[in-house]
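Subject: Structure handover

Hi,

Here is the structure I promised to pass on. Have a look at it first, and my notes follow below.

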Amino acid sequence: MYETIAAISTPFGKGGIGIIRLSGDEAFEIADRIFKGKKTVKQMKSHTVNYGKIEDPETSEILDEVLLTVMKAPNTFTRENVAEINCHGGTVVLLKIMDLLLREGARPAQPGEFTRRAFINGRLDLSQAEAVIDIINAKTSESSRAAVGQLEGNLSKRIKEARSKLVELIAHIEVTVDYPEHDIEDITGRQVHASGEAVREQLESILSGFERGRIIREGINIVIAGKPNVGKSSLLNELSGKNRAIVTDIPGTTRDIIEEFIDVRGIPVRIIDTAGIRETDDPVEVIGVKRAEKEIENADLIIVMLDASTDMDGEDKRIIEKVRDRKLIFVINKIDEARQDRTEILEKRISEIYGEEPAYTEKSSGNGIKIIKASVKNRFGIGEIEDTIYGMFLKGGIEGNSEVLITNIRHKDLIVSAVKSLKDAASAYEGGLPLDFITIDIRNAAGYLGQITGESVSEDVVQEIFSKFCVGK
Amino acid sequence: MEYVAGEYDVAVVGAGHAGCEAALASARLGCRTIIFSINLDSIANMPCNPNVGGTAKGHLVRELDALGGEMGRCTDKTFIQSKILNSAKGPAVFSLRAQVDRRKYQMEMKNTLELQENLDIRQAEITDIIIDDQRKIAGVRTHTGALYNCRAVILTTGTYLKGKIIIGDVSFSGGPDGLFPANRLSESLKQCGIELMRFKTGTPARINRRSIDFSKMTEQPGDDIIVPFSFESGDIKKEQVSCWLTYTNSNTHKVIRDNLHRSPLFGGMIEGIGPRYCPSIEDKVVRFSERESHQVFVEPMGLGTQEMYLQGMSSSLPEDVQIEMIRTLAGLESAKIMRSAYAIEYDCINPMQLDLSLEFKNIKGLFSAGQINGSSGYEEAAAQGLIAGINAALKLQGKAPLVLDRSEAYIGVLIDDLVTKGTNEPYRIMTSRAEYRLLLRQDNADIRLTPRGYEAGLIKEDRYKRFLDKKAKINAEIKRLESTYVAPDENVNKFLAKSGSTPVKTGIKLAELLRRPEISYNALAEIDKDRPDYLKEASSDSYNAIIEQVSIAVKYEGYIKRQMQQVEQFKKLEKKKIPQDIDYGTIYGLRTEARQKLGKIRPESVGQASRISGVSPADISVLLCILENRSGKE
């Protein structure tokens, strides 16, 4: 009788592993749809840990290797069926798996909801009850604060605008329905269709333009580019704090793409170390170069590494040419191995190539060229690189806690639902259904947006009818 | 001198549309019932517009009919014009409306009351309701000192309580339509601890037909095909009369603007709160100053009278201004006013004092229905009257009340809105107030509610059997269409081409074809050879009723299913009942505002609690916790 809820239960942005918890009537069915192991979830014994992979059933993409813990009701925390997915990917993977669960029928847990269910299902005694209620109250206000925080500014304004356009539209339809004999110009299906589609486009642009939210949800893609042996893998290792990429002095060691999920000041970052982009006949390396070019295309930010101990050569120039007009950080590495004037020459060459392009500063709102002098080996300049990444994407800073994140997914979910309802409305119109059916979809869309802004449709429509239209006996 | 005049189970105070339904329902359910009216010639009077139905209101009448109410039947017998509104906008908003002969309607209803077993009718003004020391109803007292002992009272006083008529700068104590007001009952209600409010409404002038030039107006005839209100009425054929349409113009608006200072509405003389949806003409001219004209419908009050009603010209301007203003309209240049427009102020109760059965929470056996509950409209009144009458009887018989929820009926929406949210103006039902209107259609009101009426006892065995038969036929036909395939042969594709529809290459279900907007059930007959005999031709009324249900169910299946899923979600919280002994004051974690509101309204379910303004989702969570904890312990 309870919907299945899901949440990332480990703190956001920290730690190498993460746990996603599912609870509710369909917890096992939903887990089963994305978990590929030796046994199906149904075959697993209660309270066992099972090895397997998380696979997107639509694309068959493997997201992570995981351990799935299955716990059957009633001997669980919530007294419902509970499944816990123990992932070892970082935040980005957790979020992807979370998205998958939502798509497969779970909904994001509200703050304190696991605890509340535990209580409702009789897991907690009365002395714990009041504590739960405190949590509910505290968490609710906390999350509504988070929601308010998120909703300030542009997003809120645009959602409110979109919603009020829908309310206006509904009111116009409703008034002709409720007062059919008044000489109010009848709104036609075509007009409704056009207005509905306009709002849908707005919402879709909110979805796609919701950069800040996307970064919080999905992380930033960063590519480290540079000629072989310039120190790319070392930088990756420094940033991730782990010795994952193989580091040698032999050029071309990093034959393929090495990627790492890291946390920079609370932002999830997918960082990719490329094999370099040099001209080569080695068939293996050719593949690596091609992939590197593709990654550069998809990157949000490119870190171009130059070697202070050598002059800029043709390969460096080729790389710089490829990344023109992109968001860039130049890292001049190995400054400890070179004379100071070599570094200055490199700086001069960069500014020659980029001409009048202003330098990136904290105030230049994420644009411009940034040059950082570093010695990755000696951990010099790493902090500046991190600061710059953070500053370029999230100037105002982000709230690195999971409440914000959940609210975020919820908002995205609701906007996506609203878009879907508007698509339904459009196809109802195209299918020749009467106006009233189209209204149902538009009402739903306004309802979803209202859940973000906290307004109810019915009363608004009635208000709108009486304030905009002259009706009555 | 006070004397005991009678012993009854139920006393109904007021014989308007709410009172008549309440009294009939109570008497029909076996209760000894008496109904009082200040003037027996005003039983079931329509002091405002002479019509029944319209959007959402028509739905209410059909629902009332399915439950065993009288308004639908009475309207079918006495209407003089019938129309279906919104016929192009979708089946959920089709609405029936009828102009009725006001006097005939009254006579018909009065006679029905007079003929009713268990029901007495008495002309009297009730001045007191009497409650015992357990706050239980004991009786009512009339202005002549007659005491009627009874176990339940239903208040259906309309706009009579401390009625005050306002025409410009003239105002006087009075009821609607020149009748006496009821000035003393308000005091008695207050003494019983009932909270009163003051509302206002109004009505336009009546004009002598002979003074109107119809050649300057547009004729508004009735529909050729008459759809009756009552599911019991069968085919109706009768001559219909027309209404007429004219418009206000800049001269009208000038007269109004020049005299605004004499309007009691703008001069502050009226304290009662009027309805937004029923603004006076002066209100419209002021609020919508950019509009150059407003519609005015001229409607006959009946066949045996020359009085015509001016819909759209409700006003409380002084009489001389009214005359001047009306005569600026095309066709009304030499209009002779027979009755002036007036505004009326009256006492009503705050409906949040009632539970969903329409009984006062704090006085056992006291019910109320209609305008006294802050609603407006004959249909809204009748619907509440029926429910109050049924529930008074069920209560005395020790049975559970009949409560319809928002997913079952417009009646449920109406009562839940009033009781849960209250109202700060006279409340009118609208289709936009119903969340699940695709399910709450006027065409399926009998399917939805006949079983409830049967359960309550107002639907008799023979009608119920006919209903079951109809329902079975509908379901069988839907099933047949869903399981019958037609082959993609030449015959079928010829038919499709003719209907402007895409040809088929594989076998296809009849239901799939019917889902195409361009194909109707009737047209489909051409390739549907195995139809049951009773659906082969338009042989009977039930034929139309059946194919209408079948067509809608098949054509709009997707939407209907989606709305049913929403209803399922909605029902989850409605089913979580809140024990009436719960003490919100002691519940840890509720916010103060929620505690007060919940304590005052005492919702019956968590669903109802969630609709109270000022109760937040967090409060609902707390409430759920407490309820689960209680039920766990029991």
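**Strand β12 of chain B and its partners**

In chain B, β12(B) pairs with strand β21 (residues 342-349) in the antiparallel sense, over 3 bridges. Strands here are DSSP runs of E of at least two residues, numbered from the N terminus, as are helices (H or I, at least four residues), and two strands pair if DSSP finds at least two bridges between them. Within that pairing, B:I165 stands opposite B:I344 in β21(B).

β12(B) also has strand β13 (residues 170-173) of chain B as an antiparallel partner, joined by 4 bridges. There, B:K164 has B:S173 in β13(B) as its bridge partner. The two strands form a hairpin with 2 residues between them, and B:G168 in the turn has a positive phi of about 60°.

**Before you read on**

This is a predicted model, in which local features need pLDDT of at least 70 and side-chain atom pairs count only at pLDDT 80 or more, while totals for chains, interfaces and linings use all residues. Residues are numbered from 1 along each chain as its sequence is written, chains are lettered from A and ligands numbered from 1 in the order in which they are written, and side-chain values use heavy atoms, with hydrogens and water left out.

The scores are ipTM 0.79 and pTM 0.75. For chain B the mean pLDDT (the predictor's confidence in each residue, from 0 to 100) is 92, and 96% of its residues reach 70 or more.

Chain B has an open sheet of 4 strands in the order β1-β10-β9-β8, with mixed pairing. β1 (3-7) and β8 (126-131) of chain B are at its edges with a single partner strand each, so one side of each has no neighbour in the sheet. From one strand to the next, the twist averages 25° (axes are lines fitted to C-alpha atoms, for helices over the stretch in contact, and angles run from 0 to 180 degrees between N-to-C directions). The partner of β8(B) is β9 (residues 137-142) of chain B, antiparallel and joined by 5 bridges; B:I130 has B:G139 in β9(B) as its bridge partner.

Over in chain A, an open sheet of 7 strands runs β3-β4-β5-β6-β2-β1-β7, again with mixed pairing. Its edges are β3 (35-37) and β7 (107-108) of chain A, each with a single partner strand, so one side of each is left without a neighbour in the sheet. Strand β1 (residues 5-8) of chain A pairs with β7(A) in the parallel sense over 2 bridges, and A:I5 has A:R107 as its bridge partner.

Which peptide bond is cis in chain A? The one from A:A73 to A:P74, with omega near 5°. A:P74 sits in the loop between β5 (62-71) and β6 (82-87) of chain A.

B:A44 is not a glycine, yet its phi is positive, about 55°. This residue is in the loop between β3 (33-37) and β4 (51-53) of chain B and is buried, with a relative accessible area of 1%. (Buried means under 20%, exposed over 50%, partly exposed in between, using a 1.4 Å probe and protein chains only.) B:K162 has a positive phi too, near 50°; it lies in the loop between β11 (152-155) and β12 (164-167) of chain B and is partly exposed at 30%.

Best wishes
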